[in-house]
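Hello,

Here is the structure I said I would hand over. My notes follow below it.

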Amino acid sequence: MAVDGGDLQSALADKDLAISMSPEKGRCLIAKRSFTRGEIILLQDPYASVLDSASVNKRCDTCFQLCTNLKRCSMCKTTWYCGGTCQRNGWRLHQHECKAITSLKEEKQQTPTPSLQLMLRLLIKRKLQNDGVISKTTMDNYNLVEALPSHMSDFNEKQLVLYAQMANLVNIIKPSEESNLKEITQNFCRFACNAHTICDSELRPMGTGIYPVISIINHSCLPNAVLLFEGKQAVVRAVEPIREGSELTVSYIEIAASTPSRQKSLKEQYFFDCKCLRCLKVDTPDGLHEDATLEGFRCSSDHCEGLLLHDLDDANSLVCQLCGCRQNEEETKKQARKVDKLGTEASKLLSSGSILRKWKI
C-alpha cells in the first residue's frame, strides 16, 4: 500500500485537522473546527517505542503497563510481558529483534541500549511493512518518519561521530539491505529532535517513542494543547478553547523557566529560536518581571525590592533588574539551599511536635 502526503491530509481531515506550510516553521498542524478545553484532538500509537532501562523489568514491553508478575522472553531474556496476549501481539516484531539481541549477548556480552533497540525496532518494522507482513496505514508508515527533519547539518562533529558509531553497531547487530550507515545516522538525528519521552499518569518517564504525526505539532511557550500518554498511546488534548483555523501547539520543554533559559534549551536540542508571544516579550517590563520571578531570587541589597536575572554577558552572575547590582550565581544558590534546608528542618520539627513542646504551645 503506497502512502503519500495526500493520503495523510485525507486521514487528518477526518479528524478535523490539516497540515499547513509556514516559511518559518515548516509543517504546522491546523484545527479545521473549534475544540473545547479538555477535548481530545489527536491520538497516535508509536511507530516504534522502547522502555527505558529503569522500567524494562517492571513494565510490559507491549502495553507499557506496570505488572508484578511479568513473564520474560525465554530466548533473549531481556524483554518482559504482562501475559500471553501482549507476548503474542509483540512477537511479530520481537522475533526478529530477539535473534539480534541474543547474538549480541553471545558475541559481545552486552545488551543494546534503549536508543539502539529503538532503532532496531524502527528498521525491523519498516522491513516487515515493506514485505507486507505488517500493514501500512496513512498514520503508521515509514514515509512519515522519513519526512521528519533530521537537522543533521546542525549537529556538531562530535555528536555526528557518535551517531555514526551507533549506526555502525546497529548494522553489525542487524544487517539490512534497505538501510545504509548515512540513513541510520540521520535517523539517530531524527530521534534527538523528534522522539517523545513516554510518561505515566504522574508524568514519570518510562520510555521513548516515535510519533511522526504528533511530531508535526510545533512548539509554543504558550501552548494551546498538551501531550499526554495512556500506556504508550499519545493523546493530544486542548488546554484552552481552540478556534477553527488556529495552529495547534504544545510545549517541547519545561515552560516554567525564564525566557533565556527556554530559548537556550530550544536552540540546543531543537535548533530554532522561538518567536511565540511570550518569547517576544523578553525585553519588555512584563517579560523581565516574569523571568525574574521564575528565576526565584530577590536582590540582596537592603533597600531594593528587585529580582535577579542571569547576566547575558557573564554566565556566572545574576543582575538585579532594578538597581543593577550583580551577585555571584553560585553564592546566591548556596544561600537559597541554606534557606531550603532551614525550611525543611522547620517543617519536620513542626510535624513532629518538637517545636510546639519547646515553646509549650
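**Around E97**

Leaving aside neighbours within four places in sequence, E97 is in contact with T79, Q117, R121 and I124. Contact here means heavy atoms within 4.5 Å.

A word on the source. This is a predicted model, where local features need pLDDT of at least 70, side-chain atom pairs count only at pLDDT 80 or more, and totals for chains, interfaces and linings use all residues. Residues are numbered from 1 along each chain as its sequence is written, and side-chain values use heavy atoms, with hydrogens and water left out.

E97 sits in helix α2 (residues 84–108). Helices are DSSP runs of H or I with at least four residues, strands are runs of E with at least two, and both are numbered from the N terminus. E97 is buried, at a relative accessible area of 2%; buried means under 20%, with a 1.4 Å probe and protein chains only. Its side chain makes polar contacts with the side chains of H94 (2.6 Å) and R121 (2.6 Å). A polar contact is a pair of N or O atoms within 3.5 Å, one able to donate a hydrogen and the other to accept it; residues adjacent in sequence count only if both atoms are side-chain atoms.

**The sheet**

Three strands form an open, antiparallel sheet in the order β4-β8-β7. Strands pair if DSSP finds at least two bridges between them. β4 (48–51) and β7 (196–199) are at the edges, each with a single partner, so one side of each has no neighbour in the sheet.

β7 and β8 (residues 205–210) are joined by 4 bridges. T197 has T208 in β8 as its bridge partner.

Best wishes

Notes. Buried < 20%, exposed > 50% of the residue type's maximum accessible area, 1.4 Å probe, protein only.
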